[in-house]
Amino acid sequence: MPTAIQAETRVPQNQIMTDAAPRLLVSRACQPQDTIVRLNEVAIGGSVPVLMAGPCSIESETQIRAIARCVAGQGAKILRGGAFKPRTSPYSFQGLGEAGLKLMRQAADEYGLLCVTEVMEPAEVERVGRYADILQIGARNMQNYPLLRAVGRSDKPILLKRGLAATLDEFLMAAEYILCEGNHQVILCERGVRSFVDHCRFMLDLAAIPALRARTHLPIIVDPSHAAGQRELVIPLALAALAAGADGLLVEVHHDPDRAQSDGPQALTPEGFARLAGQVQGAWQIGRQTRRFADLIPHV
Ligand code: PEP
Ligand code: MN
């Protein structure tokens with residue numbers, strides 16, 4: 001038999017979120033006003049949509065420079081590109097490692113961009129942070145707790161991707177791991193979840209945008225590329241995400257997608273990216289209206 005004190009303090013598993021949520025650092029209850037992640041003159045979660053764009057993987061100097069030039073010319077502020085790649089098959093291209101980080105840093109500096117890249121292990125956080133402005137935690141690592149704690153001790157902003165099958169409670173608890181280590185510069189990224197459908201790679205969860213906004217003050221961006229899996233779906237998903245209130249986009253772009261080492265089919269061409277960039281403002285204006293609906297969702 002538990003003593004009176006043990007019985008009082010024991011919390012059933014299914015009540016942990018509802019009971020503890022008001023005290024979470026990620027919650028609106030803890031911080032009502034939106035967090036804006038600022039880097040130089042770029043504000044993520046501020047009054048303009050932010051475009052992060054670039055290849056799935058950094059492949060060569062020629063490739064990353066060509067793509068950096070293209071996305072900067074269309075108004076992107078942040079260059080994306082993987083140097084340490086979480087590939088399903090161990091035989092697939094794993095990324096250029098530190099050599100890739102150097103190439104990305106040089107290309108970003110040349111075209112006045114910031115850059116974001118994935119870090120996969122705690123021991124690499126310091127090294128990746130020497131080159132990148134924002135550290136990305138990939139979907140497959142959303143619940144890698146030692147990694148979350150390690151980036152929580154970094155002074156770099158963190159782009160946290162939603163796990164392949166994570167609920168919003170799990171997603172927010174992953175962010176909480178980072179905040180509770182002292183790093184409050186977290187950007188949430190919806191990138192589609194596993195479902196039964198076979199017309200896209202992952203199913204983009206648009207409802208997550210207002211639902212997250214109601215619960216958390218953290219900025220929310222959307223990656224339509226990994227959800228789509230094919231470039232023809234990327235622009236509609238990207239615009240829908242902005243119209244649903246996303247603060248920005250993370251988009252894969254390749255100057256020669258047929259020869260890309262990874263995710264070529266979902267990469268926008270430079271022409272496709274220009275078409276998207278031209279429609280961002282219109283979709284964002286709709287988002288300014290629809291994001292008010294998040295205020296109607298009960299804060300939990
Ligand atoms: C990526 O953005 O490079 C990536 C691997 O995406 P995800 O972690 O969402 O699959
Ligand atoms: Mn990719």
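Strands S4 (residues 78-80) and S5 (residues 114-118) run parallel and are joined by three bridges; strands count as paired when DSSP finds at least two bridges between them. The model is predicted, with local features requiring pLDDT of at least 70 and side-chain atom pairs pLDDT 80 or more, while totals for chains, interfaces and linings use all residues. Residues are numbered from 1 along each chain as its sequence is written, chains are lettered from A and ligands numbered from 1 in the order written, and side-chain values use heavy atoms, leaving out hydrogens and water.

**Barrel and packed helices**
- Arg80 has Val116 as its bridge partner in S5.
- Helix H8 (residues 208-215) packs on the sheet, where it touches strand S8 (186-190) and strand S9 (220-222), and its direction makes about 165 degrees with that of S9; angles run from 0 to 180 degrees between N-to-C directions, with axes fitted to C-alpha atoms, for helices over the stretch in contact.
- Helix H3 (residues 61-73) lies across strand S3 (50-54) and S4, at about 145 degrees to S4.
- A barrel is closed by eight strands in the order S3-S4-S5-S6-S7-S8-S9-S10, with parallel pairing.
- From one strand to the next, the twist averages 25 degrees.

**Manganese site**
- Cys56 (SG), His226 (NE2), Glu252 (OE) and Asp263 (OD) coordinate the manganese ion (ligand 2) at 2.0 to 2.4 Å; donors are N, O and S atoms within 2.8 Å of the metal (3.2 Å for Na, K and Ca), and sites may look incomplete without water.
- The pair Cys56, in the loop between S3 and H3, and Glu252, in strand S10 (residues 248-252), links distant parts of the chain, 196 residues apart.
- Cys56 and Glu252 are both buried, that is, under 20% relative accessible area, where exposed is over 50% and partly exposed lies in between (1.4 Å probe, protein chains only).

**Asp34**
- Asp34 sits in the loop between helix H2 (16-20) and strand S1 (37-39).
- Asp34 is partly exposed because its relative accessible area is 35%.
- Beyond neighbours within four places in sequence, Asp34 contacts Arg28 and His217, a contact meaning heavy atoms within 4.5 Å.

**Whole chain**
- The protein chain holds 11 helices and 10 strands, which are DSSP runs (H or I, at least four residues; E, at least two) numbered from the N terminus.
- Buried residues account for 54% of the 300 residues in the protein chain.
- Of the contacts in the protein chain with a separation of 6 or more, 69% come from residues 24 or more positions apart.
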